[in-house]
Amino acid sequence: MSEHTGTAHDSRRPSQSESLSIGLQEQVSLKLSRPPSISNGSTGRDQNVSFSSVSLDERSKYRSPLVSRYASAEMSYNFSEVKKFSTWRRLWFWLAKCQKQLGLDITDEQLEEMEKNLTNIDFDIAEAEERRRRHDVMAHVHTFARCCPKASSIIHLGATSAFVGDNADLIVMRDGFEILITKLVRCIQRLTQFAQDYACLPTLGYTHMQPAQLTTVGKRACVWIQDLLMDLKNFERVKRQLKFRGVKGTTGTQASFLQLFNGDHSKVEELDRMVSEMAGFSKVFIICGQTYTRKLDVEVVSVLSSFGTSIHKMCTDIRLLASLKEIEEPFEIEQIGSSAMPYKRNPMRCERCCALARHLMTLINDPLGTHSVQWMERTLDDSANKRICIPEAFLTADIILFTLLNITEGLVVYPKVIDKHIKQELPFMATENIIMAMVSAGGNRQECHEKIRTLSQKAAERVKIDGLDNDLVERVKADPYFTPIVNKLDVLLDSKTFIGRAPEQVYEFISREVEPILNNFALIIASNTTKAAELAV
């Protein structure tokens, strides 16, 4: 028995938003024994796309929180059974339509019957057929044939299970990337605005998680943006390079189709091209076994797992900054941080992103292992693993982005806290500037260095042992040795003189690298229809 996942498309490939709208409407006509419930969460504004309440029977079974609790409606539908099996029917319809155009004895009446029943799926019958036949594709062939008795003889003509399974997988992965790219672009746009707003706000830099030279809040945000831009390019590259499996037969040789067309190679080639074009693909695999190479799944999950590393780094940074009370993620008026400690404002959104990112990063091991054990033209031990791994990778990435949209639209910065932390460390960082000023005023460099070293050690003891504020500046002002530069200390200790070219780097990075990319997605940014994530606790 073969096992697959997939999506639905018309003979004219609709846009992603049209696909979602069509898909949701189609569900009304489906005979569902267990109607789906798709939710973005259970709190806040109503963003649930729920077609029935969840029964007690369903609640008595394990339901993946990826869909029942977190994922967006569009990505949940993208990996739904409704979209999967209606896509199979579309593929069979496209195949028959193209076979007729190339001369096979298929009537318009048969095609009309198939087209009218693309979404008329009786899942009870399909499940009964699968229990009987132990083959999911043939179960749906027979279920489709019940709806289309006139067309039953030409459904799946010349095809193998991978024709619907693999091709549907490729469609759903392409559409999944479209969903992710839209959300990632909006996250980058919001972070870019944040970086511009705080391009000049000095803040302590940290290396080894120890205070280091100053940077700016906006410059740090650009580090996050740079990683996300790399992820965006990776998503676009893999989506653009996706090839359709097309019409290949049992071992990829197209022998069955060559027989159907009485040895006419040109018609087989044209059939492959026509079906792939109907599915919206301009590229098709020339070489494959029974399935498209599972190396492609490695590529797909690899860029999604890599995206997980970017998110974990960024959200960990925000969590650390929240612990310092310098930056916080949005915190709602009635939100509760702790059941025991009412004052707490836990960074639960960033914590969720980190948790999901860790899961996403581990998923790369599945396609790596699967590809390595695909003996000869194909083994079926790819199927069960693939139907778990691929949807989970896209669903997890989608949930992360949905949550990140909420975070990036409401980051809160506390400049006075940031300035307080700078003042605690800046006197130590300014010692070299003080030495240079003294030398310019006629002092001896080594003598001044020793004076500063002694005063710095005493100030450090006060901070570390007594728990008091850094008083190095007061000590310098009180020491007669430094009288020549006392009136310059305010200038020497101005935090803006310690940030180097950080603001200029922010503006240059945004103008040269970020804005040209965002301009390519101007329509997505202008529409801005994605709502903030309303999160389940």
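Arg134 sits in the loop between helix H7 (123-133) and helix H8 (136-147); helices here are DSSP runs of H or I with at least four residues, strands are E runs of at least two, and both are numbered from the N terminus. The model is a predicted one, where local features need pLDDT of at least 70, side-chain atom pairs count only at pLDDT 80 or more, and totals for chains, interfaces and linings use all residues. Residues are numbered from 1 along each chain as its sequence is written, and side-chain values use heavy atoms, with hydrogens and water left out.

Arg134 has a phi near 55 degrees, a positive value in a residue other than glycine. Most residues other than glycine have a negative phi. With a relative accessible area of 60%, Arg134 is exposed; the cut-offs are under 20% for buried, over 50% for exposed, and partly exposed in between, using a 1.4 Å probe and protein chains only. Met209 also has a positive phi, near 60 degrees. The setting of Met209 is the loop between strand E3 (202-207) and strand E4 (210-216), and at 43% relative accessibility Met209 counts as partly exposed.

Now for the chain as a whole. Its secondary structure comes to 23 helices and six strands. Of the 537 residues in the protein chain, 51% are buried. Among contacts between residues at least 6 apart in sequence, 80% join residues at least 24 apart, where a contact means heavy atoms within 4.5 Å.

Aromatic rings come next. The structure holds twelve aromatic pairs. Rings of Phe, Tyr and Trp (for Trp, the six-membered ring) pair if their centres lie within 6.5 Å; planes under 30 degrees apart count as stacked, over 60 as edge-to-face, and the rest as tilted. Trp88 and Trp92 have ring centres 6.3 Å apart and planes at 75 degrees, so this pair is edge-to-face. Both belong to helix H5 (residues 81-101), and because they are four residues apart there, about one helical turn separates them. Trp88 is buried at 0% relative accessibility, and Trp92 counts as buried at 1%.

Elsewhere, Phe79, Phe177, Phe235, Phe307 and Phe394 form one aromatic cluster. A ring also meets a charge: the charged end of Arg294 sits over the ring of Tyr292, 4.5 Å from its centre. For that label, NZ of Lys or CZ of Arg must be within 6 Å of the ring centre and within 35 degrees of the ring normal.

Several side chains make polar contacts, that is, pairs of N or O atoms within 3.5 Å; within protein, one must be able to donate a hydrogen and the other to accept it, and residues adjacent in sequence count only if both atoms are side-chain atoms. Arg349, in helix H14 (residues 348-362), is buried with a relative accessible area of 3%. The Arg349 side chain reaches the backbone oxygen of Pro330 at 2.9 Å. Arg378 lies in the loop between helix H15 (365-372) and helix H16 (383-408) and is buried too, at 17%. A 2.9 Å polar contact joins the side chains of Arg378 and Gln290. Ser323, in helix H13, is exposed with a relative accessible area of 51%, and its side chain reaches the backbone oxygen of Leu320 at 2.5 Å.

Finally, a helix pair. Helix H18 (residues 431-440) and helix H19 (residues 445-464) pack at about 145 degrees, with axes 9 Å apart; axes are lines fitted to C-alpha atoms, for helices over the stretch in contact, and angles run from 0 to 180 degrees between N-to-C directions. H18 passes H19 in a right-handed crossing, meaning that the near helix is turned clockwise from the far one by less than a right angle, with anticlockwise being left-handed. Among the residues that meet are Ile434, Ile435 and Met438 in H18 and Cys448, His449 and Ile452 in H19.
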